[in-house]
Amino acid sequence: MQVFETIKDFRAARQAVSGDLGFVPTMGYLHDGHLELVRYALRQNTQVAVSIFVNPTQFGPHEDFSGYPRDMQRDLAQLKALGAHLVFTPSVTEMYPPNFQTYVEVESVSQGLEGARRPGHFRGVATVVNKLLNIIQPQRAYFGQKDAQQCAVIRQMVADLAIPTEIVIVPTIRAEDGLALSSRNSYLTAEQREAASVLYRALSAAKARYADGERNPDHLRDEMLEVLAQEPLAQVEYVSVADAFTLHELTETITRSVLLSMAVRIGKARLIDNMMIEVE
Ligand code: AMP
C-alpha cells in the first residue's frame, strides 16, 4: 500500500495504475461502514484508492471540525490489512492553498434536510469531492447510503458536470442494535450510546407503518417523533418524509419512493440516519 500527501505524488502513482481504479473518499477515523465501501471497491476494480481528509469547507463555524476524531496510524493499518492500494492523505493547505477561490454549488437537491440545517455544508462536500475526483481520476467512486442527501448531491454534480466516474451507493452498515456506524458515535458516553439506537427504532417503526398500509406522510413523521420522544436523551432536530429523488418534503399521499430521515442530538453528537421506502 502506498500513501501520498501531495497531489503531484499521487498523480505520478496514478499514471502507473493499469485497469480500473475504484475510489473511496473518507474523513478517516475508519469504522466498518468505511471498510464496507473499500470491500465493494476491491470487488469491482483492479486497484482501490482511499482518501483521508477532514474537509474544513464542509463544517460550519460552530461545528466540530477541530474536535473531529482522527487516528491516521490506525486508519492506515486497517486499509493495509484490507488490501487497499493507494491512500491519499493531503493537508488542508494542499487541498486549499492560500489563493483558492473556486467552489461547486449543487442547487435544488442541496437545499432541504441537512442543507437547510448546515448552510454551506454541501457546497464544501461538492467542492472537495469534485477536486478529489480530478486528482484520483477513478472509474468508480463509492459513497454510503448513510449520507443519503450527500449521495443525491454527488450524483447530480457528476451528471451536471459530465464527470466520467460511475457513482456506486453502498447500503448502511449498522451495529447490532441498529445504530448506523459513524465516526461521530465516538462522542457518545456508554449511556448515550445505548440511547442512540432510538433513531433506528423510529425509522423502523415508520417503515412498518408504511408496510401496514399507512400512506399519509404526516402520520409517518408523527410515528418517528413518538418513538424518539420515548428516549429522554434524544433531542430531535428534524424528522422528514421526502421524495426519494427530489428530496422535497412530502405533503400528499405517498405514491412514489420516499426517504425517511432524521437528525437527532444525543449529548455532544449530532446523529443522522435514514431508510428508503421503495415504491415500484
Ligand atoms: P465520512 O468519513 O463520514 O465522510 O464517510 C465517508 C464515506 O463513508 C461516506 O460515503 C459515508 O456515507 C460512508 N459511510 C459512513 N458511515 C457509513 C455506514 N455506517 N455505512 C455505510 N457507509 C458509511
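## A walk through the model

At 63% relative accessibility, Ala162 counts as exposed, because exposed means over 50% relative accessible area. Keep in mind as we go that this is a predicted model. You can find Ala162 in the loop between α8 and β6 (166-170). Its backbone deserves a look too: phi of Ala162 is near 50°, a positive value in a residue other than glycine.

Leu247 sits in the loop between β7 (234-243) and β8 (258-266). At 6% relative accessibility, however, Leu247 counts as buried, because buried means under 20%.

Helix α8 covers residues 148-160, and at 1.5 Å a residue its 13 residues should span 18 Å; the end C-alpha atoms are 18 Å apart, so the model agrees with the expectation. The buried residues of α8 include Ala148, Cys151, Ile154 and Val158.

Which residues of α11 are buried? They are Pro217, Leu220, Arg221, Glu223, Met224, Val227 and Leu228. If you look down the axis of α11, its buried residues fall within an arc of 155°, so they line one face of the helix. On the other side of α11, Glu226 and Ala229 are exposed.

Finally, let us visit the ligand. It is surrounded by 17 residues, and the closest are Met27, His34, Asp147, Ile173 and Leu181. By class, this shell has eight nonpolar, seven polar and two charged residues. Three elements, β2 (21-26), α2 (32-44) and β5 (140-144), each supply at least two residues of the shell, and α2 gives the most, with three residues.

Where do oxygen atoms of the ligand meet N or O atoms of the protein? A backbone N or O atom of Met27 lies 2.9 Å from an oxygen atom of the ligand, and a backbone N or O atom of Gly144 is also 2.9 Å from a ligand oxygen atom. For His34, the side chain takes part: one of its N or O atoms is 2.8 Å from an oxygen atom of the ligand. As for cover, the ligand on its own has 490 Å² of accessible area, and the protein covers 93% of it.

Terms used. Residues numbered from 1 in each chain as written. Predicted model: local features only at pLDDT ≥ 70, side-chain atom pairs only at ≥ 80, totals over all residues. Heavy atoms only, no water. Near = heavy atom within 4 Å. Polar contact = N/O pair within 3.5 Å; in protein donor to acceptor, adjacent residues only side chain to side chain. Areas by Shrake-Rupley, 256 points an atom, 1.4 Å probe, with all protein chains shown as cover. Helix = DSSP H or I, 4+ residues; strand = E, 2+ residues; numbered from the N terminus. Nonpolar A, V, L, I, M, F, W, Y, C, P; charged D, E, K, R; others polar. Buried < 20%, exposed > 50% of the residue type's maximum accessible area, 1.4 Å probe, protein only. Arc of directions from axis to C-beta. Expected span 1.5 Å × (residues − 1).
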